[in-house]
Amino acid sequence: MRSDNQSIWEDPPKDFILLGVSDRPWLELPLFVVLLVSYVLAMWGNVSIILVSRLDPQLHSPMYIFLSHLSFLDLCYTTTTVPQMLVNMGSSSKTISYSGCTVQYAIFHWLGCTECIVLAAMALDRYVAICEPLRYTIIMHRPLCQQLVAVAWLSGFGNSLVQVVLTVQLPFCGRQVLNNFFCEVPAMIKLSCTDTAVNDTTLAVLVAFFVLVPLALILLSYGFIARAVLRIQSSKGRHKAFGTCSSHLVVVSLFYLPAIYMYLQPPSRYSQEQGKFISLFYSIITPTLNPFIYTLRNKDVKGALRRLLARIWRFCIR
């Protein structure tokens, strides 16, 4: 085992082959179009959310601080994976360099864990807004929001660092073919030709912590929110309270359900064929939908977008 680890440091693989849908060539062109359109929409939607959250004075509340970070995460998600996928689908070469692959899964896992904590912080914000409305500005002050965001980014980085250190030591024998659209730690572990018990256990423990603990906090927050909302006598008041949380709940579902399926199953049951399409879903579809979910359900964001577009229009016609 030791000699294997030493050999990987001395002579790592030059590149990996990302199969994608090479076994279904008829899918490449439609999928290329879908990815390209989704990427443009994701860029436009998330950049718009970030701009209005920063530029519009009415959106300088804690909720939109977290929302702007969520949009930035989604922006980085798509940029980390989609350009490489588009290049591979548009050419006969399906390769990615070893260093490029390492950077890709390092950033991807960093962003994923960070998003788990940001979503939990957003649930806390909604809990305070609905259950403690009179103390909202006192509890959810700007320094606290900045500290929560910093904890999210630093925790995600720590998890990614551990995963990278363990994964780069794995020896890869024979033809380095990943049955995926991009590099992910589970797929890399599956490809290794050595005992990966330590990697499997570490991945399971860290992912369980970063997925299940924030998810438990989210569910607990919404349990208290549901109890508080049901006590509201006015049906209009209940509808308004649920409306402020529905967007976040949809985003949480879109993010957590694929992540739970992907990472919280035994390694022996991990299917690269299923995993690559689930990875495709939460790496491009979810980041594309998130800004539209918040925009379509949120009057403040729609109003801020209209004001921003009006300012841009006035600037252009001068």
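**Architecture and local features of the predicted protein chain**

The structure is a predicted model, in which local features need pLDDT of at least 70 and side-chain atom pairs count only at pLDDT 80 or more, while totals for chains, interfaces and linings use all residues. Residues are numbered from 1 along each chain as its sequence is written, and side-chain values use heavy atoms, with hydrogens and water left out.

The confidence of the model was examined through pLDDT, the predictor's confidence in each residue, from 0 to 100. The protein chain has a mean pLDDT of 81, and 88% of its residues reach 70 or more. Among the elements, the lowest mean pLDDT (42) belongs to helix α1 (residues 2-10), and the highest (92) to helix α6 (residues 142-167). Over residues 1-10 the pLDDT stays under 50, and the model has 15 contacts beyond four places in sequence for this stretch. A contact means heavy atoms within 4.5 Å.

Of the 318 residues of the protein chain, 50% count as buried. Buried means under 20% relative accessible area, exposed over 50%, and partly exposed in between (1.4 Å probe, protein chains only). The accessible surface of the chain comes to about 15800 Å², and carbon and sulfur atoms hold 68% of that area. These areas come from the Shrake-Rupley method with a 1.4 Å probe; for residues, only the protein chains shown count as cover.

The unreviewed UniProt entry carries the annotation "transmembrane region" for residues 29-52, 64-87, 107-128, 148-172, 204-230, 242-264 and 276-296. The positions are given in the numbering used here, feature names are shortened, and such annotations may be inferred rather than shown by experiment. In the model, residues 29-52 are 100% helix and 0% strand, with end C-alpha atoms 35 Å apart. Residues 204-230 are likewise 100% helix and 0% strand, and their end C-alpha atoms lie 37 Å apart.

Helix α2 (residues 28-55) includes Trp 44, which is exposed because its relative accessible area is 52%. The C-alpha atoms of Trp 44 and Leu 75 are 9.3 Å apart, although the two residues are 31 residues apart in sequence. Ser 38 is also found in helix α2, but Ser 38 is buried, since its relative accessible area is 10%. Between Ser 38 and Thr 286, 248 residues apart in sequence, the C-alpha to C-alpha distance is 9.9 Å. When neighbours within four places in sequence are left aside, Ser 38 is in contact with Ile 284, Ile 285 and Thr 288. Arg 54, again in helix α2, counts as partly exposed because its relative accessibility is 45%. Arg 54 and Ile 65 are eleven residues apart in sequence, and their C-alpha atoms are 8.3 Å apart. Beyond its neighbours within four places in sequence, Arg 54 is in contact with His 60, Ser 68 and His 69.

On the surface, Phe 209, Val 213, Leu 217, Leu 220 and Phe 224 form a nonpolar patch with about 450 Å² of accessible area together. Patches are made of residues with over 30% relative accessible area and no salt bridge; like charges are joined within 9 Å, and nonpolar side chains (Val, Leu, Ile, Met, Phe, Trp, Tyr) within 5 Å. Phe 209 is placed in helix α8 (residues 197-230) and counts as partly exposed because its relative accessibility is 48%.

A search of the whole structure finds two salt bridges. A salt bridge is a side-chain nitrogen of Lys or Arg within 4 Å of a carboxyl oxygen of Asp or Glu. One joins the side chains of Arg 126 and Asp 125 at 2.8 Å, N to O. Arg 126 counts as buried, with 10% relative accessibility, and Asp 125 is buried at 1%. The side chains of Arg 135 and Glu 132 also meet in a salt bridge, at 3.7 Å, N to O. Here Arg 135 is partly exposed, with a relative accessible area of 46%, and Glu 132 counts as partly exposed at 28% relative accessibility.

How values were computed. Helices (H or I, at least four residues) and strands (E, at least two) are DSSP runs, numbered from the N terminus.
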